[in-house]
Amino acid sequence: MLPRNRLVALLVSISAFVAQPAAAASSASLVSLEQQLSYLVAGKSADVGIAALDLNSGETVSIKGSTPFPMASTVKVAVAALYLAQVDHGRRSLDDTINGQPVRSLMRRMLIHSDNVATDIILKDLGGPTVLHNWLTDNGVTGLRVDRTIAQLLSAKRDLWDRRDSSTPTAMVDLLRRIYKAELIKPSSRNYLLDLMSQCETGKNRMKALLPSGTPVEHKTGTLTGLADDVGFITMPDGRRIAVAIFTRGGADRPRTIAEAARAIYDGFKSAFTWPFRPALTAQ
């Protein structure tokens with residue numbers, strides 16, 4: 001039998017482990033992944049921010065997760081989410097037209113081809129950047145701000161450290177989580193959005209580039225001079241989805257950095273031991 005003092009210490013240790021919240025960052029099973037990502041980032045000339053969340057277990061990992069980075073075109077996910085939220089509430093329809101253009105066509109152009117004009121048409125119809133920003137804030141999405149239209153952003157002097165139109169990696173992952181969990185939009189709208197993101201034609205050398213062939217990915221890229229972003233969902237072999245946000249600015253070979261980080265995240269979450277076991281979630 002164990003001495004009383006050792007038994008008490010063991011029970012305290014077990015209790016602390018059992019009480020560990022599912023959403024705790026840098027969980028024990030992801031320590032090696034965090035170390036690998038830290039090593040990867042340290043070897044790059046670019047400034048890199050990363051966040052990833054297992055939508056099943058709630059386990060997270062991040063590198064510079066609280067540092068704001070320019071969103072560029074990744075903001076288009078939020079634009080689509082607001083429009084779809086209004087569809088869910090009967091205020092708008094995907095069968096509507098804006099300026100004579102079908103909304104379904106505008107949404108496809110915005111999310112699949114990253115069309116800036118289509119984005120600003122939808123954003124203007126919604127009421128502009130302030131309306132989008134306030135909707136996100138009112139729904140608990142913090143650490144992400146929308147200040148300008150895409151046209152205004154592109155015409156402004158480039159400043160990759162500008163806090164306007166920025167998001168931290170963890171804030172973007174939280175937005176993705178809320179979308180996936182149907183907290184911002186209904187399941188049918190979420191499925192529609194994810195279907196469009198799965199057809200994304202931009203950034204084939206980023207998140208998807210080094211993943212195993214056939215890995216399902218729904219994502220949206222963002223690009224400015226000196227900036228490359230990619231955010232979205234990676235589906236694991238067991239059906240779990242990982243929400244991922246990778247932002248890179250400055251330096252060189254930014255797309256390759258995103259690809260390497262995404263592969264590290266895939267391998268890390270695949271090998272991580274998740275306790276207690278929870279069945280994989282699937283979109284309803």
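Buried means under 20% relative accessible area, exposed means over 50%, and partly exposed lies in between, with a 1.4 Å probe and protein chains only. This is a predicted model, in which local features need pLDDT of at least 70 and side-chain atom pairs count only at pLDDT 80 or more, while totals for chains, interfaces and linings use all residues. Residues are numbered from 1 along each chain as its sequence is written, and side-chain values use heavy atoms, with hydrogens and water left out.

**Stop 1**

Select Arg177, which counts as partly exposed at 22% relative accessibility. A salt bridge here is a side-chain nitrogen of Lys or Arg within 4 Å of a carboxyl oxygen of Asp or Glu. Side chains of opposite charge can pair when their charged atoms come close. Asp174 and Arg177 are separated by about one helical turn, because they stand three residues apart in helix 8. Helices (H or I, at least four residues) and strands (E, at least two) are DSSP runs, numbered from the N terminus. Asp174 is buried, with a relative accessible area of 17%.

Glu183 is partly exposed at 42% relative accessibility.

**Stop 2: Ala182**

Select Ala182, in the loop between helix 8 (169-180) and helix 9 (187-198). Most residues other than glycine have a negative phi. Ala182 is partly exposed, at 27% relative accessibility.

**Stop 3: helix 3 against helix 4**

Select residues 76-88 for helix 3 and residues 103-112 for helix 4; the two pack at an angle of about 160°, with their axes 10 Å apart. Axes are lines fitted to C-alpha atoms, for helices over the stretch in contact, and angles run from 0 to 180 degrees between N-to-C directions. Helix 3 and helix 4 are therefore roughly antiparallel. For such angles, under 35 degrees counts as roughly parallel, over 145 as roughly antiparallel, 65 to 115 as roughly perpendicular and the rest as oblique.

To see the contact (heavy atoms within 4.5 Å), show Lys76, Val77, Val79, Ala80, Tyr83 and Leu84 in helix 3 with Val103, Met107, Met110 and Leu111 in helix 4. The residues of this contact between helix 3 and helix 4 divide into nine nonpolar, no polar and one charged. In this count Ala, Val, Leu, Ile, Met, Phe, Trp, Tyr, Cys and Pro are nonpolar, Asp, Glu, Lys and Arg are charged, and the others, Gly among them, are polar.

**Stop 4: helix 3 against helix 5**

The residues of the contact of helix 3 with helix 5 divide into six nonpolar, three polar and two charged.

**Stop 5: along helix 4**

Return to helix 4 and colour its buried residues: Val103, Leu106, Met107, Met110, Leu111 and Ile112. What do the buried residues of helix 4 pack against? They pack against helix 3, strand 4 (97-98), strand 5 (101-102), helix 5, helix 9 and strand 7 (217-224).

Arg108 is also in helix 4, and it is partly exposed, with a relative accessible area of 39%. Leaving aside neighbours within four places in sequence, Arg108 is in contact with His113, Leu196 and Gln199. Arg108 and Gln199 are 91 residues apart in sequence and 9.0 Å apart in space, C-alpha to C-alpha. Just after helix 4, select Ser114, which takes a positive phi of about 55°.

**Stop 6**

Select Asp238 and Arg240, whose side chains form a salt bridge of 2.8 Å, N to O. Asp238 is partly exposed at 47% relative accessible area, whereas Arg240 is buried at 9%.

Finish at Asp253, in the loop between strand 9 (241-249) and helix 10 (254-271). Its phi is positive, near 55°, and Asp253 is partly exposed at 48% relative accessibility.
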